[in-house]
Amino acid sequence: MWKRLRTGIIYMLMLSLVFELGLVYSTQSVAAADQYDDLREKWKSFLTGGSYSTSDPDVAAKITDITNTAQGYWSIMEMSPTRTYLWSDLDDSATTDARTISSNMSLSYSRLYAMALAYSSNGSSLYHDTSLLADTISGLDWMRANKYIPGGTKPGNWFDWEIGSPRSLNNTTVLLYDNLTLTQISTYMDAVESYSPTVNMTGANRVDKSRIVAVRGILVKSSTKIANARDGLTNVFAYVTTSDGFYPDGSFIQHLKVPYTGGYGAGLLSDVADIVYLLNGSTWQVTNSGLQNTYKWVYDSFEPLMYKGAIMDMSRGRGIARRFGNDHASATSVLDAVIQMSQLAPSTDAANFKSMVKYWIGSDTFYSYYPNAASIYHLVLAKSIMSDAAVVLRGEPVGYRNFAAMDRTVQRRPDYGFALSMSSSRVYNYETVNNENLKGWYTADGMTYLYNEDLGHYSDEYWGLVNKYRLPGTTVDTQTRADKSGQTYLSSKNWVGGSVIAGTHGTAGMELDTYGNTLTARKSWFMFADKIVALGAGINSTDGRTIETIVENRKIKDDSTNVLTVNGTAKSSTLGWSETMGSVNRIHLSGNVPGSDIGYYFPGGSVVKGLRQARTGAWTSVNTYVKTMDSTVVTKNFLTLWFDHGISPSGGSYSYVILPNKTSAQVDTYASNPDITILENSSTAQAVIDSSAHVTGINFWDSVSKTVYAGGVPFLTSNGKASVMTLEGSGGDLEVAVSDPTQANTGTVQLEINKAAASVISADPAVTVTQLQPTIKLSVNVSGAMGKTFKVKLDTALVNENFNAMTIGSAPTGWTLDQTGGVVDIVNDPSSTDKSMRIRDTSNTLVAGATRSFTASATPVTAEFKMKVGTTQNFYYTKLTSGSTVAVRLRTYAGKLQVSNGGSYADVETITPGNWYTIKLVADPATDKADVYFDGVLKQSNVNFTNAVSAIDTIEFVTHSTSSSMAMQVDNVLVTN
């Protein structure tokens, strides 16, 4: 108490002396306020929050936190006239570690800023506390005289000298400006000028420099400096194709080759928003057209990675090793930036940004934004957005994004997010700086992330405790690794990336070449509408150690009551349980909260190992950096599942399907009737078809021609390395997506698809369709594409007819007609505005019919059409034929629709004259079998052809009767192969 009183008395005596001697204590007393002063006051208001109500409980809590933080630092601050440090825990007088010395300097300045903030914050019990002010200024003077001395060397971390310290010092000077002498301001700013005189460097560091130069320019009233700061942003606005910055595909890289959207990228966005706000309306306002790109970054780079208030860990680099810097805490920088940008962006963007903010804050049930906002200023704006009924919720950004420039992919579905972290010859495997992220060995070796309603899964001690040798999705050598080993390793492999189709489905692959061993593998992930298929092949090692592929490593409840069900049987929930489980077909793990269950399906059955364990440790195992380390010992429980490929495997493989949010019963149902088929899982190609979504994904691994087969029939051929997806639309269209994941092909990818097409509907400029029939051939120029997916859409309908373009009463064009015993014409159905083709008898000569020929197909042919009959006393026929040889025949008889099954008929469904029905035939010449669907339901499967054929080339509709009253109508005839 006496120390505080003594300090206050000394301060008041000095203040009296200043006025008695006529010294200038306030810079504002020598001249009228000018534009520099206006900007300085604007920045001070920004730092302190400006106008706010202390009766708001969230604002009051923020002020309390600001006060407590400052009081805590002030209470332990060293005040001795002979002091050699400001805080004992930052005493570096005995250390030779230069990085510790520079770090302590930055930490000291950040503490002085915290004290200045409390002094300047209205509502704080320390607001305008003269003793606090005196000690804060005394600390600033001591730092300037003893630590941050102009013209000196920069031992330790350059960041502390050029960014960390000057940033805090600038802000502190702004807050205390009216209480500092011109000499003090000048000496502080001389030090800043010495170490950060201009805007240089790249990416987030460049924006940091811009902010430092801008604020210093305002403080010393230098138009040149402010202009330099503004113009320094120009390079940041521009998209890059190498090194640091934002890429056209939405990627963000810092430190040359490290994905950092959720780390440096978030800081960059926040700082740009702050600078634009600060200079807005002034002589130095940012008017560069590149500013528009910052709005695109929000949509393309940040929104896909924000999951209900958290920024995905795969984009945070070494930040994952900070205990209190989890994915939700790190996302506050993104929220701060988007909140700020919503105040200045064009109206459409501003509305969208507010909608994002409202959704992110409102959906985050794990972490509250308000007490963690950068300032009261952001807090007040956020609350205004949340209370504005005109702001609608943005909702989940459903879709698929391939960030090819940083080897990351993410799929967003309405109820989950799936992310994949990889590395290559272009992107580092992981980064360790300042002894942070010491065990990031496998975090980019194909690690998979599943985000669901368990919002705290990756936040609540996960990275401090998870087994770093067993990260989900990775294939690893079980060798013992040293801290930091292999960091910034570049693989020798460039086949890393994938393709996307319809904006929602994606295929990714990674040719694994790990650090410090001989392990190699080819790994693929196929992300469909509600499932993820994981395949591995060519798993080889010669080091004499066990190789594992990790299916899952999930943090479970503290009481370990999550039920693990394997093949329908619950396993032990006791911690320490471990088991090697054979013939595993399916697994279900109950989640920590509703909406977080996970299922796993193992095609063909697999041997899976399981372990339920408690893990205890401290974050110092992954982080010993003085600024962020935490030695608290914590415990969490984990459930791990993995494949054991044995010692030095040759040609090892695996396959499994992740089923997010499926209940145990739903997993059982899925496993009994899966909708995925693995077409191939080899070291040359990996391919999967999702029959429910009609999507196929294929990864071709080698620079040779390779064909993938479906049902024993050639499906698709590539001339070399590529990622390919196909989507068969309900209207007979086929979409094809192609990319070069190697990013090394300076030529073309050549594809041949074993289907015929009638025409090209649309195509990217890089795609050339060289042939439509009897197979489709494409040439895709991927030179310089940087992993981009190119698309083409084709009309593959062999027949696609709805008759609406024809004239009522006329004969249908394009069809071969038999009208010797009747009439085939176009009519308008009274119950519909659609026109249809009518086939009717008129003269009792038994036959009237219409036939449509098409390109012969040896692959499965699907014929779908609508049909209505006038009577069921005799026969109406639908036939798929090869010339005159009937392959499949449908008929009506005695009120039934029947299908020929070899030499006999089988009932399909009861039909009523006068009603429309939708019929679908799927006929496969390779097996001479057919399936029949009635109104969308499979009614008969694997029926035998009437006659074996090698191909199908005709569809025929016929009335066969002795009655002149017979008539049938058909519509929407669609035949595809």
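User: Buried means under 20% relative accessible area, exposed over 50%, partly exposed in between (1.4 Å probe, protein chains only). Which residues are buried in helix α17?

Analyst: This is a predicted model, where local features need pLDDT of at least 70, side-chain atom pairs count only at pLDDT 80 or more, and totals for chains, interfaces and linings use all residues. Numbering starts from 1 along each chain as its sequence is written, and side-chain values use heavy atoms, without hydrogens or water. In α17, residues 664–672, the buried ones are Val 667, Tyr 670 and Ala 671. They sit on the same side of α17, because they cover an arc of only 95° around the axis (directions from the axis to the C-beta atoms).

User: And what's on the face turned away from the buried side of α17?

Analyst: Ala 665, Thr 669 and Ser 672, which are exposed.

User: What covers the buried residues of α17?

Analyst: The cover includes β18 (578–589), β19 (598–618), β21 (652–660) and β22, with contact meaning heavy atoms within 4.5 Å. Helices (H or I, at least four residues) and strands (E, at least two) are DSSP runs numbered from the N terminus.

User: How do β44 and β45 run, parallel or antiparallel?

Analyst: Antiparallel, joined by six bridges; strands pair if DSSP finds at least two. Ile 919 stands opposite Phe 934 in β45. Their hairpin has four residues between the strands, and Asp 928 there takes a positive phi near 55°.

User: What about β45 and β46?

Analyst: Antiparallel again, with five bridges. Val 932 has Gln 940 in β46 as its bridge partner. That hairpin has two residues between the strands, and Asp 935 takes a positive phi near 50°.

User: Last one: in what order do the strands of the β1-to-β3 sheet come?

Analyst: β1-β2-β3, as an open antiparallel sheet. β1 (245–246) and β3 (258–259) are the edges, each with a single partner strand, so one side of each has no neighbour in the sheet. Two bridges join β2 (residues 252–254) to β3, where Val 258 is the partner of Gln 254.
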